[in-house]
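Here's a quick tour for anyone opening this structure for the first time. Take a look at the sequence and the model, then read on.

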Amino acid sequence: MRRPVEGDVHVHYGQIYVQSDPDSYGPGLDEAFAGQSAGLCGAATAGALWLHTGLHTGEVGFTVEVHDHAPPLEASWEDVVEVSFRPASADSALVEWAGEDSWDLGLDETDYRVRYCATGMDRARAADTRMAEEPQWGGRLPSDALRTVGGHVSGLRDFDPGLLHALDAAGPAVQRAVALLAARRACEAAGLTALDWVTGALTALAEGRPLPPPFDDDARMWHTLASDPSCPDRTVGRAVPPVRPPSQDSSSPGTGALSPQEAATLVVGPARAVARQSSQPPAPDPAAVGQSSQPPLPDPAAMGQSSRPPLPDPGRYGLFVSFGPPDPSLRISQPHAALPAVTGAAARDPLRAAVDAVYAAVVTHGEDWPALLAEMASLCREGPARSPGRE
């Protein structure tokens, strides 16, 4: 089994299509559903499928699986229809309305039995539209645990929703191992593993003990970082999440966004007129560009309240807020970004510990976050026994 598409796709007028004939704009609505009693998947036109969704406009979770044999039908699906399908060429693709994006399906020119399954269509139809800022979970419904875990779940979701689902399914032992490894990798990237007070905290995490001073008090932790002359002065560029989560696995590269000329040749249904009228993309809305759910780094001056005697003034701090897309030229202090990975890894809830530690490690790694998340995903698959964090 392979998954050429897995993630969020955009629909408009409740439509998305499978197109394989490069010389055709695709069928019209009546043509696609001619002779069919179900209105979910129109397959009456050779080489094309017209797929309906409950949502009128917005992002929906969507997965395409290609099996050698018919898979068992999961009881969780609420609407299911099966149709016959044969690609008209070797270039079959899942195509969004108006050709805004497409994904190569890699199908042979042979007969297929297509099972189109859906859930939540009535709720989606009632909602009608899903705004861009609403949470997207990589094509899968989040569990109650992910919905309620809190912390930096929204920030990590922006980078890799698939990893969140893998962490959720992995169980407490793997979640703790991921949290420990993320904290260690963050400290390594920040150059903090040469400091005894940091390695002591990492050892306590590995042994399942409470964090020792100064990590038992946020204000004292930040003061120690500011006053330790051995602390390296390292910075990294901002970690910028992808514009949208990848909608295909790493082994199945998609075609990505189409050029306006290519889009005009693949548009089906009522979008034909739109594609023919103009090949220029719409101008971005300045009010909607670049909004990010990435939480800001902790401000050391505002971290925590302590009942201990006041600490000497370690210096002045400033918090600067800007609007728009993250500027890759901005530099982040890696030591300041790494310490929340350590405190996050000590959370009582193993899932919360993993989420917060991994997110802090992402911020610490900056532009190199993809390699970090690949290692976290590998640990989820292999289990804690082989974790480098248990050295």
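Before anything else, one term: a patch is made of residues with over 30% relative accessible area and no salt bridge, and nonpolar side chains are joined into one within 5 Å. Keep in mind that this is a predicted model. In outline, the protein has 13 helices and 11 strands.

- Leu 73, Trp 77 and Val 80 make a nonpolar surface patch of about 270 Å².
- Val 80 sits in strand E6, which covers residues 79–85.
- Is Val 80 buried, partly exposed or exposed? With a relative accessible area of 38%, Val 80 counts as partly exposed, because that label goes to values between 20% and 50%.
- Taken as a whole, the protein has an accessible surface of about 20100 Å², and carbon and sulfur atoms hold 52% of that.

- In soluble globular proteins, nonpolar side chains tend to be buried together.
- Here, the largest nonpolar core has 60 residues, and the ones touching the most other members are Val 178, Leu 192, Phe 215, Val 342, Val 358 and Val 362.
- Which elements give two or more residues to this core? They are helices H4 (153–159), H5 (161–170), H6 (172–190), H7 (196–206), H8 (218–227), H11 (334–345), H12 (350–365) and H13 (369–382).
- Zoom in on Val 358: leaving aside residues up to four places away in sequence, Val 358 touches Leu 156, Leu 163, Val 178, Ala 182, Leu 372, Leu 373 and Met 376.
- There's also a second, separate core of 27 residues, with Leu 40, Val 60, Leu 105 and Tyr 116 among them.

**Aromatic rings**
- The count of aromatic pairs comes to 6.
- One to look up is Phe 159 with Trp 369: their ring centres are 4.9 Å apart and their planes meet at 75°, so this pair is edge-to-face.
- That pair links distant parts of the chain, since Phe 159 belongs to helix H4 and Trp 369 to helix H13, 210 residues apart.
- Phe 159 and Trp 369 are both buried.
- Elsewhere, Tyr 17, Phe 33 and Trp 50 form one aromatic cluster.

**The protein overall**
- Out of 391 residues, 44% are buried.
- Among contacts with a separation of 6 or more, 78% are between residues 24 or more positions apart.

Note on methods: Residues numbered from 1 in each chain as written. Predicted model: local features only at pLDDT ≥ 70, side-chain atom pairs only at ≥ 80, totals over all residues. Heavy atoms only, no water. Core = buried A, V, L, I, M, F, W, Y, C linked by side-chain atoms within 4.5 Å. Buried < 20%, exposed > 50% of the residue type's maximum accessible area, 1.4 Å probe, protein only. Helix = DSSP H or I, 4+ residues; strand = E, 2+ residues; numbered from the N terminus. Contact = heavy atoms within 4.5 Å. Phe/Tyr/Trp six-rings, centres within 6.5 Å; stacked < 30°, edge-to-face > 60°. Patch = residues over 30% accessible without salt bridge, like charges linked within 9 Å, V, L, I, M, F, W, Y side chains within 5 Å. Areas by Shrake-Rupley, 256 points an atom, 1.4 Å probe, with all protein chains shown as cover. Salt bridge = Lys/Arg side-chain N within 4 Å of Asp/Glu carboxyl O.
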